[in-house]
Amino acid sequence: SSKLDAILNELDEVWKQDKGSKVLVYSQYLGFLDIIGEALKARGVACYRIDGKMSLNERVSMIRSFNKSSTKPKRGQDIERGSVCLGSMKAAGVGLNLVAASSVFIVDPWWNAAVEDQCVNRIHRIGQKAKVVRVRKFVVTDSVEEEIVNLQRKKKGMANEILSEKGDGQLATKPTLEDFKLIFRR
């Protein structure tokens, strides 16, 4: 698919800038993680995975393996590829410390941006040693994904407006019927 091609191309771009670095790839769809994993294995990329089907011990073991993994350039390889940890947003997006990675890919949007933020926060925390932390979000143009991103922006904007105050201590604005019509396209 074009999204898979974009992900693989972007991984190579990250590894051109940060040779051998580790990348977290999050999706809400286990089937898509399977497809990405197969494509990475075909390229010889070390691939790890965390999803809800795994026991706690399996998850801990996988995290340790990912954190300890190192890459060695292969002969004839023009890019020193690192390793990738594939994670479901629900199972690998909360409560894990994955600071060994320096990049995060969100390959499909979640309707609630806070879930995506939690995924990013797995590497953006105390213990991160990378000078640059990269976050990439993949969204298909003219699709439901684009509408989800628009909804996320609108919700964040509404929350910021509701939480902000005028100088006199009153709320700046409240959402109107027109705001909700715009969100739900009615």
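**Exercise 1.** Is Phe138 buried or exposed? Determine this, then describe the ring pair that Phe138 belongs to.

*Solution.* The model is predicted. Step 1: the relative accessible area of Phe138 is 10%. The limit for a buried residue is under 20%, so Phe138 is buried.

Step 1: the partner ring belongs to Phe105, and the two ring centres are 5.3 Å apart. The planes stand at 55 degrees, so the pair is tilted. For edge-to-face, the planes would have to be over 60 degrees apart.

Step 2: Phe105 belongs to strand β4, while Phe138 sits in the loop between β5 and α6 (144–163). The pair therefore ties together parts that are 33 residues apart in sequence.

Step 3: Phe105 has 0% relative accessibility and counts as buried.

**Exercise 2.** State how many aromatic pairs there are, and classify the one formed by Tyr48 and Phe66.

*Solution.* Step 1: the count comes to 2 aromatic pairs.

Step 1: the ring centres of Tyr48 and Phe66 are 5.7 Å apart. Their planes make 70 degrees, so this pair is edge-to-face.

Step 2: Tyr48 is located in strand β2 and Phe66 in helix α3, 18 residues apart, and the pair links distant parts of the chain.

Step 3: Tyr48 is buried at a relative accessible area of 17%, and Phe66 is buried at 0%.

**Exercise 3.** Work out the order of secondary structure elements and the arrangement of the sheet.

*Solution.* Step 1: the protein has 7 helices and 5 strands. Read from the N terminus, the elements follow the order α-β-α-β-α-β-α-β-α-β-α-α.

Step 1: the 5 strands form an open sheet with parallel pairing, in the order β2-β3-β1-β4-β5. At the edges are β2 (46–50) and β5 (134–137), each of which pairs on one side only. From one strand to the next, the twist averages 20 degrees.

Step 2: take β4 (residues 103–106) and β5 as one case; their parallel pairing runs over 4 bridges. Phe105 stands opposite Arg136 of β5.

Step 3: Helix α2 lies across β1, β2 and β3, and runs at about 170 degrees to β3.

Step 4: look at the contacts over the whole chain. Of those between residues at least 6 apart in sequence, 75% join residues at least 24 apart.

**Exercise 4.** Which residues touch the most other members of the largest nonpolar core, and which elements supply at least two of its residues?

*Solution.* Step 1: this core has 20 residues, and those touching the most other members are Leu11, Ile36, Val84 and Phe105.

Step 1: at least two core residues come from each of α1 (2–17), β1 (23–27), α2 (30–42) and β3 (83–88). The largest share, 6 residues, is supplied by α1.

Step 2: consider Val84. Leaving aside residues up to four places away in sequence, Val84 touches Leu11, Trp15, Val23, Val25, Leu40, Val45, Ala46, Cys47, Tyr48 and Phe66.

Step 3: there is also a second, separate core of 18 residues, which includes Phe66, Met89, Ala101 and Ile123.

Step 4: compare with the general pattern. In soluble globular proteins, nonpolar side chains tend to be buried together.

**Exercise 5.** Characterise the loop residues Ser70 and Asp142, and then the surface of the whole protein.

*Solution.* Step 1: Ser70 is in the loop between α3 (56–68) and β3. Exposed means over 50%; Ser70, at 63% relative accessibility, therefore counts as exposed.

Step 1: Ser70 and Gly20 are 50 residues apart along the chain, and their C-alpha atoms are separated by 7.8 Å.

Step 2: Asp142 is in the loop between β5 and α6. With a relative accessible area of 72%, Asp142 is exposed.

Step 3: the phi of Asp142 is near 55 degrees, a positive value in a residue other than glycine. Most residues other than glycine have a negative phi.

Step 4: for the protein as a whole, 38% of the 186 residues count as buried.

Terms used
Residues are numbered from 1 along each chain as its sequence is written. This is a predicted model: local features need pLDDT of at least 70, side-chain atom pairs count only at pLDDT 80 or more; totals for chains, interfaces and linings use all residues. Side-chain values use heavy atoms; hydrogens and water are left out. Buried means under 20% relative accessible area, exposed over 50%, partly exposed in between (1.4 Å probe, protein chains only). Contact means heavy atoms within 4.5 Å. Accessible areas come from the Shrake-Rupley method with a 1.4 Å probe; for residues, only the protein chains shown count as cover. A nonpolar core is a set of buried Ala, Val, Leu, Ile, Met, Phe, Trp, Tyr and Cys residues joined through side-chain atoms within 4.5 Å. Two strands pair if DSSP finds at least two bridges between them. Axes are lines fitted to C-alpha atoms, for helices over the stretch in contact, and angles run from 0 to 180 degrees between N-to-C directions. Rings of Phe, Tyr and Trp (its six-membered ring) pair if their centres lie within 6.5 Å; planes under 30 degrees apart count as stacked, over 60 as edge-to-face and the rest as tilted.
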